[in-house]
Amino acid sequence: MTAVIAPPSSLETVVAKRKSSFGPGSIIKYALALLFLIIVLMPMYVLIVTSFKAGSDIGVTSQWNLPAHWTVASWDKAWTALRPAFLRTFELAIPVAVISSVIGAANGFVLSRWRFPGADLVFTLILFGMFIPYQAVMIPLRDIVTTIGIPPGIPTLVFVHCVYGIPICTLIFRNYYATTVPEELVEAARVDGAGLLRTFAWIILPISIPGFVVTIIWQFTSAWNDYLFAIFLSNTRNGPITIALNALAGAQSPDYAASMAGALITSLPTLLVYVLLGRWFIGGLMAGSVKS
Amino acid sequence: MRRLRHWGPGLLLLSPSLILLAVFVYGLIAWTTKVSVSDEHTALGSKGFVGLDNYTNLFTNDIQDRFVHSLKNLAVFTVVFLVGAMFFGLLWAFILERGVRAEGFFRTVYLFPMAVSFVASGVVWRWLMNPNMDDNAGGLNAVFVAMHLDFLQSAWWTNPTWGMASMAIPAVWQLSGYVMALFLAGFRGIPHELREAAAMDGASTYRLYRNVIFPQLTPVALSALIIIGHMSMKMFDLIMSVSGPQWLTEVPAIYVWQSLLTSDYAKAAAISIVLLLLVAIVIVPYLIYTNRVEKNS
């Protein structure tokens, strides 16, 4: 499980260096690339166009038409419905991102340097935790979080996302440290008499920023987008945005324009993170692959 | 004593996580297993031991073979999802790897659906896969009508036989970019010398890909298959968002939820454990395999 995390710039250089020449082959190439571009963006077009419609303008047969009258009324309605949950979801996703990253860094450091007996088995057992269907823990989980007295809603969700985020964050940091931190650095600190904790805090943490960027983006996105834990452990009054959106869009006769505006509002933070930090986002995706 | 001083601090730092995972992963799985062999079918919760009855009932004694039906749905969904995501992922990676201008732009667009939640994308896919046809057509059907490809119109997920294949379309849309990113990283990992050597030997482009490059991508393809496959088996959000819980599109993950709504804990637990075993059959050999590969390298 080496070299899982791509250095941020590496994907840029995959193909950029090669010259593209124009021939029949390259016309097909560009035609296909554009065709897929349009297909991928199609749902986005419908979302955006519909979100600016209102009243009789909204309809199945006129789905592809531009709005007859552009209006933000549906955005207004969706924002009013989603605002409390939208803000709550930041209270969920930010702590999850930070806490899981710190835990992951500590674990990753230990597992990348201390080859204690049975380390491989322990690591495999940790990793398995990220593949399990969470239904297999959900029934007792609901009882146990109540029993140990974690307040319902966001605090409970923060806790479970941190716990079940341990495997992926540990994996990302373990691979990051295994490939980027030279053995000599740790050795030098040891010779200077620094213990494990001191080495970690003063030598390793300062050079861990790229790893942190990856896990923070990864955990922020998965906590923000999560629906499974949310539906089991919270409700529309204390839950995150996915629950609120589903309530808005899943009603018996949903307001399609407001639903679409709501879907866009819901996706805005993760899309923003993705556009601004896309290169590291891809790094995080690579890291999810266990091995590359 | 020396060994303790050597391993001690590391284990200390690791131990909170190990304890949490021991309790919340393995402990709770054990607990769920225990519920699955009990007769806790109501909120009242009597805890009698019934052996594997709940499991055998799922396969042989479920009303309208509901569980088997959900497994069939899952199988159809998984096949389409896997084939679709692998096909488009590899194709897109291949196109970009051949070199296109503004490659970063294409890559960003292909990958962006990954950042959107299934709940949010389900809102629009529910509309795109509207089953109305011809004059009333909307969504994708309207596109087909406009292109005079009327025969491509579909009832989408409302089709009782192949509905689950349609349900996989949004999943393919969402995850193909991810598979593409994995393959792009795979292409990147191929040493330049290898390409150059093949070019020196006068290999045609076709032979270069067929004999040199694609074989090098096998480990990446395996990773992608595993990741998409296990996501597929756990699929819940997307189906809840597009169709909501209903017979036509029910998969085991949703059946668990439905059973819990009626407080049938034992049944929900049994389904969860079957689901876990399905995932484990794929994941455990994979983890062992990656472990071994790493040790050899």
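Read along the sequence, chain A runs α-α-α-α-α-α-α-α-α-α-α-α-α. That is 13 helices and zero strands, where helices (H or I, at least four residues) and strands (E, at least two) are DSSP runs numbered from the N terminus. The model is predicted, so local features need pLDDT of at least 70 and side-chain atom pairs count only at pLDDT 80 or more, while totals for chains, interfaces and linings use all residues. Residues are numbered from 1 along each chain as its sequence is written, and chains are lettered from A and ligands numbered from 1 in the order in which they are written.

Some totals for chain A. Of its 292 residues, 49% are buried. Buried means 20 or more other C-beta atoms within 10 Å of the residue's own, exposed means 12 or fewer, and partly exposed is in between, with C-beta atoms placed from the backbone. Taking contacts in chain A between residues at least 6 apart in sequence, 79% join residues at least 24 apart. A contact here is two C-beta atoms, placed from the backbone, within 7 Å.

Now one helix pair in chain A. Helix H3 (residues 73–113) and H12 of chain A have axes that come within 8 Å and cross at roughly 45°. Axes are lines fitted to C-alpha atoms, for helices over the stretch in contact, and angles run from 0 to 180 degrees between N-to-C directions. H3(A) is therefore oblique to H12(A); under 35 degrees would be roughly parallel, over 145 roughly antiparallel, and 65 to 115 roughly perpendicular, with the rest oblique. The contact involves residues including A:Trp75, A:Trp79 and A:Phe86 of H3(A), and A:Ala261, A:Gly262 and A:Ile265 of H12(A). By class, this contact has 10 nonpolar, two polar and one charged residues. Ala, Val, Leu, Ile, Met, Phe, Trp, Tyr, Cys and Pro count as nonpolar, Asp, Glu, Lys and Arg as charged, and the others, Gly among them, as polar.

H12 of chain A (residues 256–276) also holds A:Met260. Is A:Met260 buried or exposed? It counts as buried, because it has 29 C-beta neighbours inside 10 Å. Leaving aside neighbours within four places in sequence, A:Met260 contacts A:Leu47, A:Thr50 and A:Ser51, and also B:Val123 and B:Val124. A:Met260 and A:Ser51 are 209 residues apart in sequence, yet 5.3 Å apart in space, C-alpha to C-alpha.

That brings in the other chain. In total, 87 residues of chain B are in contact with 79 residues of chain A. On the chain B side, helix H1 (residues 2–36) gives the most, with 16 residues. That side of chain B has 57 nonpolar, 22 polar and eight charged residues.

Last, some backbone points in chain B. Helix H3 (residues 66–97) of chain B has 32 residues and reaches 45 Å from first C-alpha to last, close to the 46 Å expected at 1.5 Å a residue; the expected span is 1.5 Å times one less than the number of residues. Just after H3(B), B:Gly99 takes a positive phi of about 95°.

Most residues other than glycine have a negative phi. B:Ala102 is exposed, because 10 other C-beta atoms lie within 10 Å. B:Ser263 lies in the loop between helix H12 (252–261) and helix H13 (265–296) of chain B, and has a positive phi of about 60°. With 15 other C-beta atoms within 10 Å, B:Ser263 is partly exposed.
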